[in-house]
Amino acid sequence: MAATPQAQAQASSAAVRGRARRAREEELLVWPDLVFIEFIAAVLFTILIVVLAVMVDSVLLDRANAAVTPNPSKAPWYFLNLQELLLHMHPALAGVVVPTVALIALGAIPYFDNSNEGQGEWLSTPMAWPLTWIGAAVGSIGTLLLIFYDESKHVQIYEWIANGKLNADSQAEGFHAWPHQLDFMRGLRGIQNEIAWPDWTLHVPLGDVLRTDLLGFPRIELDWNIPAFLVEQFIPVNTMIGLPLILSFVVHKMGIAKTKRDHMILQFSGFIAVYITLTIVGTFFRGEGLVLGPYTIFAHE
Amino acid sequence: MATSERPQRRTMGDRLYDAIFSNRLWRSIFRSGYPNTPRNQMLAVATNVFLHLHPTRIHRTHVKITHTFCLGGLSFFLFLGLTITGVLLMFYYVPSVDRAYEDILALETDVRFGQLMRNMHRWMAHGMVLMVLMHMMRVFYTGAYKPPREFNWVVGVVLLVLTLLLSFTGYLLPWDQLALWAITVGTNMVGSAPLLGEPNRFVLVGGYQVGQAALTRFYTLHVIGLPLLAAVFMTVHFWRIRRDGGLSRPL
């Protein structure tokens, strides 16, 4: 920067008059130091996007036809995490309640963690990096394990080991199947379908229990199905709230996370890991009929 | 500091400089001279409606690329790029179930640079969703949401939702199988909400299934409703960055 002597004198005297000299010396002028960086970033990205647009065409499938349902039908990629959740719990929970609560929780982060600790620097608290890795590892591995469980992959692995080969013929003589006594552990649905629930648990007339009519409200007509409620709502909700709480509790007891900021880093990293894992599984591992398996989305998108 | 003697005679360069940067036209537009002195450089930022989103001075740690990776700026840049390519695409696109798909085909085959514009629009849209998500992660991991910037984080979360909705509404417009069924799956998720789900889905889709009404609604939201809303929230977002003292710094 070639500055005239007058201008330099002017700038330095302004510095003395203004804020403390040291603070001024730490500062740069936005023009040129910031504006040029922005300009260069814009140019680089323009080039990048033009090159990408020249090389890769966006997809255009057949004309929209309400009579032909493609298999699989998928939402845009950034909603595939929700579509993946949809396979494991009640649709209202996965499609609406979870994203709403997640967004509200996300927005509330600064109001939980209102300390000034670790501000303005990357992962600046002493345990920030370990906590990020713990959150990311537990979030992604935990999500994968839960999906594997719900997709009965542990049953496949058991039968693979018991029979000594993958995909053994289940009709053949001497086939070692998953023990019948443990059928309720085949997956989350097993709890609903493989346990001999008494009949009354399937149809609890809620209106007889919750007498809303006594309060002047309409009487509830709903037949409450307790096993379905357990599997579709109670267990998923408790898993989604409980596991993060247990994680925070354990890490706190171990003395790794001490402050609110530490717990925020842990939970946020876990959340991002779960989000990314669900997106990847929903995008690349859900094929026809949304069955879990290696599958490539690139034929479509 | 050595002071050099000023030349007595004005050189050719000086005269050219004055002719360009001191004439009435230049002054009427930019007010200050060419930004080659600290004074003019600060004036260039302070007297320009676009640049004055920035302060005139900035802490030296904030121009380090690794501090922000330019993610917020790039999100905004992609928004601008999407606006430009989007306007160009609107010249050729009619949001009607009878024409939309054919318009996209024509765009790809008949319109000069049509395919390029469509590709750029799509890649920038995907890019913006990614950038906004990464920007959120950057702000979180640098602790930049802490007081006094709490509410700007909330505005940012709103902008994330608006970005997703902008992308989602745009998804339907090509009116191909991917569009129709992605929107059907997505709006069915809305419909599964307790109590208000089905009415909300009905309002969003404008009927019981994704058809002309849905296309009209999504198009209107995509080209005017949501961009305007996003622009308002972006204004608040940027303004508050300045009001809250620029980028966050260790205390």
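Helices (H or I, at least four residues) and strands (E, at least two) are DSSP runs, numbered from the N terminus. This is a predicted model, in which local features need pLDDT of at least 70 and side-chain atom pairs count only at pLDDT 80 or more, while totals for chains, interfaces and linings use all residues. Residues are numbered from 1 along each chain as its sequence is written, with chains lettered from A and ligands numbered from 1 in the order in which they are written.

**View 1. The loop between α7 and α8 of chain B holds Pro148(B).** Here a cis peptide bond with an omega of about 5° joins Pro147(B) and Pro148(B). As a reminder, most residues other than glycine have a negative phi, and most peptide bonds are trans.

**View 2. Helices α7 (residues 114-141) and α8 (residues 150-172) of chain B pack at an angle of about 165°.** Their axes, which are lines fitted to C-alpha atoms over the stretch in contact, with angles running from 0 to 180 degrees between N-to-C directions, are 10 Å apart. That makes α7(B) roughly antiparallel to α8(B) (under 35 degrees counts as roughly parallel, over 145 as roughly antiparallel, 65 to 115 as roughly perpendicular and the rest as oblique). On the α7(B) side, look for Ala125(B), Met128(B), Val129(B), Val132(B), Met136(B) and Val139(B); residues of α8(B) in the contact include Trp153(B), Leu159(B), Leu160(B) and Leu164(B). Two residues are in contact if their C-beta atoms, placed from the backbone, lie within 7 Å. By class, this contact has ten nonpolar, four polar and no charged residues (Ala, Val, Leu, Ile, Met, Phe, Trp, Tyr, Cys and Pro count as nonpolar, Asp, Glu, Lys and Arg as charged, and the others, Gly among them, as polar).

**View 3. α8(B) meets α9(B) at an angle of about 135°.** The two axes lie 7 Å apart, and the angle makes α8(B) oblique to α9(B). Phe168(B), Tyr171(B) and Leu172(B) of α8(B) touch a set from α9(B) made up of Ala179(B), Ala182(B), Ile183(B) and Gly186(B).

**View 4. Chain B contributes 76 residues to its contact with chain A, and chain A contributes 71.** Among the elements of chain B that each supply at least two residues are α3 (38-46), β1 (57-59), α5 (71-90) and α9 (177-191). The largest share of this side of chain B, twelve residues, comes from α7(B). The chain B side divides into 46 nonpolar, 20 polar and ten charged residues.

**View 5. Cys70(B) and Phe113(B) each have a positive phi without being glycine.** For Cys70(B), in the loop between α4 (65-68) and α5 of chain B, phi is near 60°. Cys70(B) counts as buried because it has 21 C-beta neighbours inside 10 Å (buried takes 20 or more other C-beta atoms within 10 Å, exposed 12 or fewer, and partly exposed lies in between, with C-beta atoms placed from the backbone). Phe113(B), with phi of about 65°, belongs to the loop between α6 and α7 of chain B. With 12 such neighbours inside 10 Å, Phe113(B) counts as exposed.

**View 6. Over in chain A, a cis peptide bond joins Trp31(A) and Pro32(A).** Its omega is about 10°, and Pro32(A) sits in helix α3 (residues 30-33) of chain A.
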